[in-house]
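Work through these exercises on aromatic rings. Try each task before reading its solution.

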Amino acid sequence: MFKLSALCFASLVALHAPAAFAQDAARPASEQALASRIDAAIAPYYKADAPGATVILTQDGKTVLRKAYGMADVAKGKAMTPDTALRLGSITKQFTAVAILMLADEGKLALDDDITKFLPDYPTRGKRITIEHLLTHTSGIVSYTSRAGFERNSTKDMSVSGMIDTFKNDPLDFDPGTRFSYNNSGYFLLGALIEKISGQSYATFIAERIFTPLGMQHTAYEGHERTPGPRAAGHTKGWFGVGASKPLSMSQPYAAGALVSTVDDLARWDAAISAGKLLKPATWQKAHTSAVLADGKPTNYGYGWQIGKLRGVPMVAHDGGINGFSTSALRLPQQKVYVAVLSNSDAPTVQPDMVASQAAAIAIGNPFPDFKAVKIDNALLDAYAGTYRIDANATRGFKRDGDKLVMQRTNRAPVILTPYANDGFFMPASLTTFVFARNDKGEVSHVVVHSQGSEMINQRVGAP
């Protein structure tokens, strides 16, 4: 799903003023050409009369592209504008993480503190669950959004303690620190910790300690907005086309996903990160470093950010999905590129992470290939059919259906893949490709999965 109190506020606002993110008609032709190339790649994904998106791309502190596509409200015929505010979903987590890290830098908590130091009544089943476990999704606590009945009861306004009561007595999924499992409960608990330690509500703390000092005037916990501005309506797909999204009490996503923002404010956020604001340098470095499990394996997740690569270069990123909205934001620290894509549909034709990745790849001069469909022999499709191991808990199955190759991952819907070569396939409306490889005997032995520049090998372990 979904500390700058001693610094001069005026100087920070001047540093990150809105003018810094305005399009400059007089900018060099090379910058305008880059913006045109990115726009040409993005624009076809959005129809003028359908839910749309706001997009910003900055490079080395300068705005390359700032544009809106589609409708902010389909029913009202209201067009999207670049300054429209949308729900962030799980991009919220990086703000929650930074709030916790600010308290850590101030000596008010330690990341290896047991959560019962601050939440003494939380049942940990005799296990030691630390604040770092919550930050890195390695606590073993059940994610409340995956519990039976969550969606049915998601419109109810809940107190923080009341929401915690809905999941705290569930058995742990695994011993803390031994596995990574994306977990909204962990970030909900982090919000409770912020309130307990600071003596302020979560909404007040992040507004006073993050949003106001950084000049993020249009970012807030939904329902606690301080500055009026245009807001996008959320949309979803139904039996009869696009309609309004399902209602949701924002007391439930809370510190795991309840923020709203604009792409301009997110660019301010990235500028603050790049300048090393809010946290100590070592703390920022740790936040953007993958956590490591008890067995030494990396999780590819830091504190509120996913850690990976895009077209071979380091990337920190996070996506979000919440009723009516889908979002993505990524940073390429070495290239000083930042992209945010905020969409007002929870079932968009093209996911925001694909849009963000394509834009960033074009910006660094290494665009994704434009794959074209080709026809291959059915015998090859039969050869690729089989079960391939992803990890200890998931597999990827391939099977031939007529002249198509269908892929299905554990607990996910099947997807028809399109061949672009005899051994290569791409997933429509994504940047994910699959390349099959053979062993010395000529037998198909594994598939190499390329996704957003990263590479993963899935070994063939059996029949379809």
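Buried means under 20% relative accessible area, exposed means over 50%, and partly exposed lies in between (1.4 Å probe, protein chains only). The model is predicted: local features need pLDDT of at least 70, side-chain atom pairs count only at pLDDT 80 or more, and totals for chains, interfaces and linings use all residues. Residues are numbered from 1 along each chain as its sequence is written, and side-chain values use heavy atoms, without hydrogens and water.

**Exercise 1.** Decide whether Phe436 is buried or exposed.

Solution. Take the relative accessibility of Phe436, which is 5%. Phe436 therefore counts as buried. Treat Phe398 likewise: its value is 1%, so Phe398 is buried.

**Exercise 2.** Classify the pair of Phe188 and Tyr254.

Solution. Start with the rule: rings of Phe, Tyr and Trp (its six-membered ring) pair if their centres lie within 6.5 Å; planes under 30 degrees apart are stacked, over 60 edge-to-face, the rest tilted. The whole structure holds 22 aromatic pairs. In the pair of Phe188 and Tyr254, the centres are 4.5 Å apart and the planes meet at 50 degrees, so the pair is tilted. Both Phe188 and Tyr254 are buried.

**Exercise 3.** Classify the pair of Phe398 and Phe436.

Solution. Check the centres: they are 5.0 Å apart. Check the planes: they stand at 75 degrees, so the pair is edge-to-face.

**Exercise 4.** Which ring lies under the charged end of Arg311?

Solution. Apply the test: NZ of Lys or CZ of Arg must be within 6 Å of the ring centre and within 35 degrees of the ring normal. The charged end of Arg311 sits over the ring of Phe368, 4.7 Å from its centre.
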